[in-house]
Amino acid sequence: TPTIQLLNDTAVMVENVAFIDDDLDELEIGGTVGWSEPWDASQITYYRVYLAEGPLAYHNKTQVAMVAVGTNEAQFYDAELADFLYITVFIETQLSEGSFGNALLFN
């Protein structure tokens, strides 16, 4: 028997990403990244923080933190810089990760 499921497709992302690097090693990065919650966080379940080669979702990236909605900062330590130039924060809903994140160039 077919059923109906109501979907809400809202495009939101975090704003005002900020980062303080507390790691003193030249080839590592770590510290606290913070952001402002989107205007509508009702569908968000988690925030994922990545180090990325570029600001867009398809760029090579590695996850360094994941925190529940209601939290607007995350800590990570001893992450290798490799070719990463950006810290990106993406939202995640019950359905999937957002297609667009907010990026901060840290180099």
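Q: Why is β3 largely enclosed by the rest of the structure?
A: Start with the term. Buried means under 20% relative accessible area, exposed over 50%, and partly exposed in between, with a 1.4 Å probe and protein chains only. In this predicted model, 7 of the 9 residues of β3 are buried, so β3 is largely enclosed by the rest of the structure. Across the protein, 36% of the 107 residues count as buried.

Q: What should I know about the model and the numbering?
A: Residues are numbered from 1 along each chain as its sequence is written, and side-chain values use heavy atoms, leaving out hydrogens and water. The model is predicted: local features need pLDDT of at least 70, side-chain atom pairs count only at pLDDT 80 or more, and totals for chains, interfaces and linings use all residues.

Q: How many helices and strands are there in the protein?
A: Both are DSSP runs, numbered from the N terminus: helices are H or I with at least four residues, strands are E with at least two. The protein has 0 helices and 7 strands.

Q: Which strand does β3 pair with over 8 bridges?
A: Two strands pair if DSSP finds at least two bridges between them. β3 pairs with β6 over 8 bridges, in the antiparallel sense. I44 stands opposite T93 in β6. Strand β4 (residues 61–68) is also antiparallel to β3, joined by 7 bridges. There, V67 is the bridge partner of Y47.

Q: How do I read an aromatic pair, and which geometry do Y50 and F90 form?
A: A pair of aromatic rings is described by the distance of the centres and the angle of the planes. Rings of Phe, Tyr and Trp (its six-membered ring) pair if their centres lie within 6.5 Å; planes under 30 degrees apart count as stacked, over 60 as edge-to-face, the rest as tilted. The structure holds 3 aromatic pairs. Y50 and F90 are edge-to-face, at 5.7 Å centre to centre and 85° between the planes. Y50 is in β3 and F90 in β6, 40 residues apart. Both are buried.

Q: Where does K61 lie relative to Y50?
A: A charge sits over a ring if NZ of Lys or CZ of Arg is within 6 Å of the ring centre and within 35 degrees of the ring normal. K61 lies over the face of Y50, 5.0 Å from the ring centre. K61 also lies over the face of F90, at 5.0 Å from that ring centre.

Q: Which residue forms a salt bridge with R48?
A: A salt bridge is a side-chain nitrogen of Lys or Arg within 4 Å of a carboxyl oxygen of Asp or Glu. R48 bridges to E92, with the closest N and O atoms 2.2 Å apart. R48 in β3 and E92 in β6 are 44 residues apart. R48 and E92 are buried.
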